Amino acid sequence: MRKFAYCKVVLATSLIWVLLDMFLLLYFSECNKCDEKKERGLPAGDVLEPVQKPHEGPGEMGKPVVIPKEDQEKMKEMFKINQFNLMASEMIALNRSLPDVRLEGCKTKVYPDNLPTTSVVIVFHNEAWSTLLRTVHSVINRSPRHMLEEIVLVDDASERDFLKRPLESYVKKLKVPVHVIRMEQRSGLIRARLKGAAVSKGQVITFLDAHCECTVGWLEPLLARIKHDRKTVVCPIIDVISDDTFEYMAGSDMTYGGFNWKLNFRWYPVPQREMDRRKGDRTLPVRTPTMAGGLFSIDRDYFQEIGTYDAGMDIWGGENLEISFRIRNVETNQCLDNMARKENEKVGIFNCHGMGGNQVFSYTANKEIRTDDLCLDVSKLNGPVTMLKCHHLKGNQLWEYDPVKLTLQHVNSNQCLDKATDEDSQVPSIRDCSGSRSQQWLLRNVTLPEIF
């Protein structure tokens, strides 16, 4: 009888310990979730955007977002707002996870503890809420806190209400100081960046675009190079986020920035001489003759010493001002736009924004319509109008511009460039010349004062 009572006591005691262990396990499991949320810089009580748990939901780990068939039409309409898949972007968490695509040698690099602090300056104009805030969260979540002085958001006269008070209210709750600076009138990227640089406090100024995502380990190498030589201007490897699916795709460390004879920025393979200098160590920085101006870090004092930006540069690609044009349709008031598309893809048409960029075209002495090293090409009647490598042999790339009729006639097909059709509202067409307003195009030099 005593043995039985003893067993009951032992059994009861064991059950108590089991229940206690389960309680502690659940308690600390929940705390870990809280810590993980806190580390991702998500302020409590924000309801402007749904926030999903890390590694769950659309787009996590940089995976592509697939839109259901029943939402395809709505997706296409939303695409027109910012020229990327806004529906997909809004489905993705503001703090989404991304893969670590660094070279193995980069992952084991050790950097000094006393690296300089940086202010991150981001200029935006009518940017989508999700892409802008995803940029901000990625900077906060993947930057060592003691290196990140602040984030400066410069609003270049945005017109969307959610970028006014709601944005200011949101960023006040973040764990890193985020300042919103407003330009009184539309001033362009360069002058807006100068404004952000002027109010920033960090030892280093880092410029980023408003629709990018920083990955783990992005900041330390930039600051380490500047600590080693303050006159170094450092660019990260620029990866790619698909405008269609928001898939994250790793960029190449085997290309660097250069320019062609038209002074257009281009990516070129890293030359053998630079490979030899690095002795096969791909973790060492690549010396480059020029850079993509969108993302880089520079010492604050050195930025002043070299004269900062030229405040007179109104648009992207200022070095191209004398030879670049925008080509605008008279009837629709839309401009040719390469939509960041590649060779063999159709040229686009979009509302004229006056910012250059994808709407920078040249009508050359060879009567080509050119965007960088791609020319508009038509190989059959009624199109389509595609962008192919300029071959300088005229043929399918020969266009005759009539400054009186304002027509762009494709010589081989004897047809004229026309506005987009109802079937595809973002692609210009080519049709029999009729003299209609939809076939009239204005070539305007982008330095004209009415643009700003």
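In what order do the 5 strands of the open sheet lie? The order is E3-E2-E1-E4-E9, and the pairing is mixed. The model is predicted, so to speak of local features a pLDDT of at least 70 is needed, side-chain atom pairs count only at pLDDT 80 or more, and totals for chains, interfaces and linings use all residues. Residues are numbered from 1 along each chain as its sequence is written, and side-chain values use heavy atoms, with hydrogens and water left out.

**Sheet and packing helices**

Helices (H or I, at least four residues) and strands (E, at least two) are DSSP runs, numbered from the N terminus. Two strands pair if DSSP finds at least two bridges between them. Strand E3 (178–182) and strand E9 (296–299) are the edge strands, each pairing on one side only. On average, neighbouring strands of this sheet are turned by 25° against each other, direction ignored. Axes here are lines fitted to C-alpha atoms, for helices over the stretch in contact, and angles run from 0 to 180 degrees between N-to-C directions.

Strand E1 (residues 118–124) pairs with strand E2 (residues 148–155) in the parallel sense, over 7 bridges. Ile-122 has Leu-153 in E2 as its bridge partner. Helix H6 (residues 165–172) packs on the sheet and touches E1, E2 and E3; the direction of H6 makes about 160° with that of E3. Contact means heavy atoms within 4.5 Å. Helix H8 (residues 220–228) lies across E1, strand E4 (204–208) and E9, and runs at about 30° to E9.

**Salt bridges**

The whole structure holds 19 salt bridges, a salt bridge being a side-chain nitrogen of Lys or Arg within 4 Å of a carboxyl oxygen of Asp or Glu. Asp-155, Lys-164, Glu-168 and Arg-182 are linked in a network of them. The pairs in the table belong to these residues.

| Salt bridge | N to O distance |
|---|---|
| Lys-164 and Asp-155 | 3.8 Å |
| Asp-155 and Arg-182 | 2.7 Å |
| Glu-168 and Arg-182 | 3.0 Å |

Asp-155 in strand E2 and Arg-182 in strand E3 are 27 residues apart, and their pair links distant parts of the chain. The pair of Glu-168 in helix H6 and Arg-182 in strand E3, 14 residues apart, also links distant parts of the chain.

Lys-164 counts as partly exposed because its relative accessibility is 32%. Arg-182, at 26%, is partly exposed, and Glu-168 is partly exposed with 29%.

**Nonpolar cores**

A nonpolar core is a set of buried Ala, Val, Leu, Ile, Met, Phe, Trp, Tyr and Cys residues joined through side-chain atoms within 4.5 Å. The largest one has 36 residues, of which Leu-132, Ile-151, Leu-153, Leu-167 and Leu-208 touch the most other members. At least two residues of this core come from each of E1, helix H5 (129–141), E2, H6, E3, E4 and H8. H5 supplies the largest share, 6 residues.

Neighbours within four places in sequence aside, Leu-132 is in contact with several residues, among them Ile-122, Phe-124, Leu-153 and Leu-167. A second, separate core has 22 residues, including Ile-327, Val-330, Leu-336 and Ile-430.

Phe-207 lies in strand E4 and is buried, with a relative accessible area of 0%. Apart from neighbours within four places in sequence, Phe-207 is in contact with residues including Val-121, Arg-193, Ala-197, Phe-296 and Tyr-309. The C-alpha atoms of Phe-207 and Ala-197 are separated by 8.8 Å, the two residues being 10 residues apart along the chain.

In helix H2 (residues 72–82), the buried residues are Met-75, Met-78, Phe-79 and Asn-82. Seen down the axis of H2, they fall within an arc of 115° (the arc of the directions from the helix axis to the C-beta atoms), so they line one face of the helix. Helix H3 (86–91) is included in what covers them. Just after H2, Gln-83 takes a positive phi of about 65°.

Note on methods
Buried < 20%, exposed > 50% of the residue type's maximum accessible area, 1.4 Å probe, protein only.
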